[in-house]
Each structure stands twice: as structure tokens, then as C-alpha cells.
Amino acid sequence: MTNESIRKLDEIFRAVFKLPEGSDVSNVRRNGEVPWDSLTLVTLVAALEREFNCNIDAADALKLVSYQAARALLEEKGT
């Protein structure tokens, strides 16, 4: 991923999880300190699809359990 793509991903995580600007999102994960429920997952998927102009199917969405997983998925999709 380019630095710009990483910056966008970071911004998406901060917005979706309502984290302060500049906060480190690299350790955000489901079952972590940040609330992550099914509605949050849907919001995250929609934001990723919109920002990175990609399609995330249900199987891929279920793999989104952390920031690192989201980054890996986007890298697989070539964004």
C-alpha cells in the first residue's frame, strides 16, 4: 500500500471507531478495547468500498477482524 492509502485507511478507522485524530489505529481489533459490533463492521466495509473503490464480499467482510486484517485485504485487492 502507498503511504496515501495507509493514511486513508487510518482516517477511516478513526472515523468509524470514533477515535481522536492522530491516534494509533494499528492495534484496533474486534474483541479489543474499541467497541466493534456488526453495525460497526457494516459501516467499516461501506467506508472501505467507497474510499478504495473496491467490492468486499461477505466472506472477505468476515475476515475484517482488525486493522491489520483490513490492510492485508486491501493489499490483496491491489489498492
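Author: Let us begin with Arg7, which counts as partly exposed because its relative accessibility is 38%, a value that falls between the limits of 20% and 50%. The model is a predicted one, and Arg7 lies in its helix α1, which covers residues 3-16.

Reader: What makes the contact between Glu4 and Arg7 a salt bridge?

Author: The side chains of Glu4 and Arg7 meet with an N to O distance of 2.4 Å, and since the rule asks for a side-chain nitrogen of Lys or Arg within 4 Å of a carboxyl oxygen of Asp or Glu, the pair qualifies as a salt bridge. Side chains of opposite charge can pair when their charged atoms come close. Glu4 is also partly exposed, with a relative accessible area of 38%.

Reader: Why are Glu4 and Arg7 said to be separated by about one helical turn?

Author: They are three residues apart in helix α1, which means a separation of about one helical turn.

Reader: Why is Asp60 called buried, and why is Lys63 called exposed?

Author: Asp60 has a relative accessibility of 12%, and because buried means under 20%, Asp60 counts as buried. Lys63 has a relative accessible area of 52%, and because exposed means over 50%, Lys63 counts as exposed.

Reader: What makes the pair of Asp60 and Lys77 a salt bridge, and which parts of the chain does the pair link?

Author: The side chains of Asp60 and Lys77 meet at 3.5 Å, N to O, and the pair is therefore a salt bridge under the 4 Å limit. This pair links distant parts of the chain, with Asp60 in helix α3 and Lys77 in the segment after α4, 17 residues apart. Lys77 is partly exposed, with a relative accessible area of 33%. Salt bridges that share partners also join Glu4, Arg7 and Glu11 into one network.

Reader: How do you know that Ser66 is buried, and what does Ser66 touch?

Author: Ser66 has a relative accessibility of 14%, and because the cut-off for buried is under 20%, Ser66 counts as buried. The place of Ser66 is in the loop between α3 (58-63) and α4 (67-76). With residues up to four places away in sequence left out, Ser66 touches Phe13, Val28, Arg29 and Trp36. A polar atom of the Ser66 side chain also lies 3.0 Å from the backbone nitrogen of Ala69.

Reader: How do you know that the chain agrees with a compact globule?

Author: For 79 residues, a compact globule would have a radius of gyration near 12 Å, and because the chain has 11 Å, the value agrees. Along its principal axes the C-alpha trace spans about 30 × 25 × 15 Å, and 39% of the 79 residues count as buried.

Reader: What is the secondary structure of the chain, and which pattern does the chain follow along the sequence?

Author: The secondary structure comes to four helices and zero strands, and read along the sequence the chain follows the pattern α-α-α-α. Among contacts with a separation of 6 or more, residues 24 or more positions apart account for 49%.

Technical notes
Residues numbered from 1 in each chain as written. Predicted model: local features only at pLDDT ≥ 70, side-chain atom pairs only at ≥ 80, totals over all residues. Heavy atoms only, no water. Helix = DSSP H or I, 4+ residues; strand = E, 2+ residues; numbered from the N terminus. Buried < 20%, exposed > 50% of the residue type's maximum accessible area, 1.4 Å probe, protein only. Polar contact = N/O pair within 3.5 Å; in protein donor to acceptor, adjacent residues only side chain to side chain. Contact = heavy atoms within 4.5 Å. Rg over C-alpha atoms; globule rule 2.2 N^0.38 Å.
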